[in-house]
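Biologist: I am new to this structure. Could you take me through some of its parts?

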Amino acid sequence: MRRALELARRAEGRTAPNPIVGAVIVAPGDGEVVGEGWHHRAGLPHAEIEALAAAGERARGATMYVSLEPCAHRGGGRRTEPCAPRVVAAGIARLVYGLRDPFPGHGGGAEEIAAAGVAVDGPLLEDECARANEAWLVSARQGRAHVTLKAAMTLDGRIATAGGESRWITGEAARADVHQRRDRADAVLVGAGTAIADDPLLTVRGVEGGRDPLRVVLDGNLRTPPSARLLPALIATTEQAPAEQAAALQAAGAEIWRLPGEAGRVDLRALVEGLARRGVLSLLVEGGAETHAAFLAAGLCDRLLLYVAAIAIGGAGAPAWLGGEGVPALGQAPRFRFDGAPRRLGEDLLLEAIPLL
């Protein structure tokens, strides 16, 4: 199953709106691997079909390990045929799956295969399989994009000096890791303040075979200049935003989304639900401080990525990674748990955390 997960991760960030899936077929007796496959992207054969094609007749009587329960969808304009009947037809004697498929209209493959007389076991390594597909699971269960908040900071939580200097707080290894995260994300977002102050590209650099995610700017008042280097991008604004500025940005290549909101604040749940309908599974939010605070206040944070440099800035005027008004009492603070041990990236540390439910 871990080999199936290893195969699945080869397509991480490439399969939206589908999950990443890997499959391994093992011959009876000596346990020889006779077929492997993974889902490369939406519209292409699923992992099970790839593995069955590789195994050929050697699939008969073999065991298939697959990181996600084989799909059993029928109709509805699907681009690929269901996997469950193909597994049965190939003569697989035993199926071991890692994770149940919660997506409406897709699940039930394990039961269908068992009903055909195939031995079925699972879930196996369920937590690891769920972690690999955490973005897709959020989309399937909640109908929205999975949200990761990312910040690079000093030991005292600052993201810039009082004068605004922020390049570079963290070192090359940490920045390289961020580019790998962008490569695996479907969309990357910054607030208008960051777009104006830093004029970022938000592209993927230094990653072999890398591809740029959809760039998104959270801009309730349409302050983003048409000369911004991140354009073309999707700009999420409110229904009250000025039409003249919207036209100028559209002429520069922007796609304008007018969403519900008040006082220049975009309804973030409407945004992440709209992104999911567009096929975005994973959204990487790179700041700034007010944007991070807005997502946390809306209850829209599934993972924190905190890159911490071993320097300290101090001073009341140096901005922290998290803005907003703050909580009035500790009992109202969002709480997280660290997910794994800190990871050393050059001279910096990467801390990952997920919210406590």
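Biologist: Let us begin with A263. Is A263 buried or exposed?

Modeller: A263 counts as exposed, because its relative accessibility is 77%. Exposed means over 50% relative accessible area, buried means under 20%, and partly exposed lies in between, with a 1.4 Å probe and protein chains only. Please note that this is a predicted model, in which local features need pLDDT of at least 70 and side-chain atom pairs count only at pLDDT 80 or more, while totals for chains, interfaces and linings use all residues. Residues are numbered from 1 along each chain as its sequence is written, and side-chain values use heavy atoms, with hydrogens and water left out.

Biologist: Where is A263 placed?

Modeller: A263 sits in the loop between β11 (261-262) and β12 (265-266). Helices (H or I, at least four residues) and strands (E, at least two) are DSSP runs, numbered from the N terminus. The phi of A263 is near 55 degrees, a positive value in a residue other than glycine.

Biologist: What about L222: what is its phi?

Modeller: The phi of L222 is near 55 degrees, again a positive value in a residue other than glycine. L222 belongs to the loop between β8 and β9. L222 counts as buried because its relative accessibility is 4%.

Biologist: Why is β8 described as largely enclosed?

Modeller: Strand β8 (residues 214-218) is largely enclosed by the rest of the structure because four of its five residues are buried.

Biologist: Which strands pair with β8?

Modeller: Strand β7 (residues 187-191) runs parallel to β8 and is joined to β8 by five bridges. Strand β9 (residues 234-238) also pairs with β8 in the parallel sense, over three bridges. Two strands pair if DSSP finds at least two bridges between them. Within these pairings, V188 stands opposite R215 of β8, and V216 has L234 in β9 as its bridge partner.

Biologist: What do β7, helix α8 and β8 make together?

Modeller: β7, helix α8 (residues 192-198) and β8 make a right-handed β-α-β unit. Right-handed means that, with the strands pointing away from the viewer, the path from the first strand over the helix to the second runs clockwise.

Biologist: Changing topic, which helix holds H179?

Modeller: H179 lies in helix α7 (residues 172-184). H179 counts as buried, because its relative accessibility is 11%. Apart from neighbours within four places in sequence, H179 is in contact (heavy atoms within 4.5 Å) with T203, V204, R205 and V207.

Biologist: How many residues does α7 have, and how far does α7 reach?

Modeller: α7 has 13 residues and reaches 19 Å from its first C-alpha to its last, close to the 18 Å expected at 1.5 Å a residue. The expected span is 1.5 Å times one less than the number of residues.

Biologist: What covers the buried residues of α7?

Modeller: The buried residues of α7 include A174, D177, V178 and H179. Their cover includes β6 (146-153), β13, β14 (303-308), β16 (343-345) and β17 (348-355).
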